[in-house]
Amino acid sequence: MKRNIRKATVLGSGIMGSQIACHLANIGVKVLLLDIPPKELSDKEKAAGLNLEDKAVRNRIVNENLQKAAKMNPAPLYDTDYISRITTGNFDDNLSHIKDSDWVIEVIVERLDIKQSLFEKVEKFRKKGTLITSNTSGIPINLMLQGRSDDFKENFCGTHFFNPPRYLELLEIIPTVHTRPEVVDFFMNYGDRYLGKTSVLCKDTPAFIANRVGVFGIMDLFHKVTELGLSVEDIDKLTGPVIGRPKSATFRTADVVGLDTLIHVANGLDQALKDDERQDIFQLPPFLKKMQENKWLGSKSGQGFYKKVKGDDGKSEILSLDLDTMEYTPQQKSKFPTLELTKTIDDVKERFKVLIGGKDKASELYRRSLASLFAYASNRIPEISDELFRIDEGMRAGFGWKHGPFEIWDAIGVEKGLKLIEAEGLKAAAWVEEMKASGRQSFYEIVEETQHYYSVPDKAGKAVPGIEELIVLDHIRPTKTIWQNNECAVQDLGEGILNIEFRSKMNTLGSGVLAGINKGIELAEKDYRGVVIGNQGDNFSVGANLAMIFMMAIEQEWDELNFAIKYFQDTMMRVRYSSIPVVVAPHAMALGGGCEMALHADAVQCAAETYTGLVEFGVGLIPGGGGTKELTRRASQRYVKDDIEVNAYRENLLMIGQAQVSKSAVEAFNMGIYLKGRDQISMNKRRLIADAKEKAIALAETGYMMPVKEKDIKVLGKQALGMFEVGAHQMLEGRYISEYEKKMVMKLGWVMAGGDLSEPNYVSEQYLLNLEREVFLSLCGEKKTLERIQAMLKTGKPLRN
């Protein structure tokens, strides 16, 4: 049976319900969002003379919740207009409307009796075959089905989103004993391809997979922090990016999520897991009990493990909680010799061997906590999953870890991991020893460029399901790299398509990357059909190498800097003008030069979560890699003859001058950075390179022809300069910009106007590129620009001067 989700009903409009409704709206689903009607009038409703039967009153709860969600930061919607795809109502008046829905998802309070009561009502109105799921995070899925029909049971399962649903990539799919296999297959595929999630199949066990292992890891650290005499800031220093985990690490994450939520899950697991060999870990340590008593619940209560205060000088300071005295004190900088040894190791996986090998408290924490994690994860098979890769996927997608437990264990070696476990007085599952005895030395291995995992039931290696549909650069890099330097590599993706991968720090665009782009296109023009420019780093690219620009400007190496900028411009033009199609595949941050590259591509295949823009103004520069030229060109194409033609130029000047960055790929389309009808979005970024490859093949097979270089770009000369001058003066008078920023605006405007032309004229791309480079170099010679670049390099934040 072919299924399509055109309409969905979300039952419950709380924090999760409203955000799930928003994310369904993001992908074009028409959503009915329902909640309870209020039992009494608000003061405002009383004053307006309303009663409980008025529609505005009956839908007040759902409407207020949806409006709160729409105002959240980060936003749950790709585009604020998408809220129009959501219709609101209440359980009493509108539950019958679910008969039109293809999927009904329950997201109400975590009480079994209330869920069962609601499902009884849903049964009366849902049409046969309608999918129905629960977003519960802890209640056994099977218990919800008491009294339900066979059709209800067969089409029911758990679909557990993580908060916030738009951004966290995990969707846990939890079937019951009654769920039809086709329903499970549908949600696994729908979560992946349509919702952009890592769909993880779970068993119906307490907290499923990610929370079971993740909360264990957090609680284990909570117990170890006092045992080892470490501080809150020590733990957060040791359990953040250095080991491939989010910046918020452990205690800051607990504050953000809310200690009440964490305590609720831990208490639930403590009560439910009477046979768990590590049940004691889920019991609250004394400091957590005290914080619960004091209602120090994290960000929502204003204080948790951290507390923001204002000093006598009016400046804000973030204090940390001393877990011994339970008093807030100024944070102390955490320093450990072991961490110093990892500073030159970029590959997170390679750090683990160093981190467990030291003699300080940091290494002791790593040895003990990893031993606990390895043992616990191994003993959860087959309890929570039959396949070990699902545990790793759950931790990566749900908790933001770069590597799951078994991947980390592989990084330090199976034998070493077993020794750590033994030293901690713990036991790994028997299957680990069986695997080792069979001669297998790792949980994962790459077989013919495909990732295989050790299957415990089969006692043999098997391909990770679905991996053959993806292109994972880590897997193909050793055998498919045909050219490389220190900053860039070119891989053969097959079917006549090459991939150009950035490898520089933060994927900045320096001479090595530019050389790689030119080489990749050269190779493709000779022997291949097309090129993808894509990578699987944290970000596509944060832009040009500012440190290089700063050093050249400080040392006044103007000829070298002019050459470097021209090389950048020429490379972007090479992206546009080649005999083969070039598809750029941005994801996450694609800023400055990373945005300019997409502006020059034959097509863009972008991840849904792409944040892009020309941000050079923040460091006192204008886009110098063809970005200023390109927005002038696009303004020339966009203006309507009968309209005020300067509007398109003014809007694009503002885009650069305000350093606007899209908050989603959809917004990038609205800004005109990506082009509707040409460029496309991949909901799941794991599929991005494969999707981009297909796009390059399609362009090649439909008879790709190199574009003709443009020489008819309309510029307005003094007409535009006058308009830019008036606007900049008004911004200065309103104190929105500084004197120096006005100067920058006029220099930018000079390029976009085509220089000091007496009347509108038509110019070539190269003409605009020359102006762009001239202004870029002149700004590099300004003291205030150098101060801005230096501040960005030092603090990562723009300076206003």
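Predicted model: local features only at pLDDT ≥ 70, side-chain atom pairs only at ≥ 80, totals over all residues.
Residues are numbered from 1 along each chain as its sequence is written. Local features need pLDDT of at least 70 and side-chain atom pairs 80 or more, while totals for chains, interfaces and linings use all residues.

Select D35, I36, P37, F91 and I114, the closest to the centre among the 17 residues that line the second largest pocket. A pocket is an open set of points on a 1 Å grid over the protein atoms alone, where a 1.4 Å probe fits, with protein on both sides within 12 Å along at least five of seven lines; lining residues have an atom within 4 Å of a point. About 360 Å³ of space lies here, a volume being the space filled by probe spheres set on the points. Helices are DSSP runs of H or I with at least four residues, and strands are E runs of at least two.

**Helix α17.** Move to residues 388-399, which span 17 Å from first C-alpha to last, close to the 16 Å expected (1.5 Å times one less than the number of residues). Of the 12 residues in α17, 10 are buried (under 20% relative accessible area, 1.4 Å probe, protein chains only), among them F389 and M395. Just after α17, select G400, with a positive phi of about 75°.

**Sheet.** Finish with the open antiparallel sheet β12-β13-β14. β12 (444-447) and β14 (460-463) each have a single partner strand, so one side of each lacks a neighbour in the sheet. Strands pair if DSSP finds at least two bridges between them; β13 (450-455) and β14 share four. On β13, H452 stands opposite A463 in β14.

Key:
Heavy atoms only, no water. Buried < 20%, exposed > 50% of the residue type's maximum accessible area, 1.4 Å probe, protein only.
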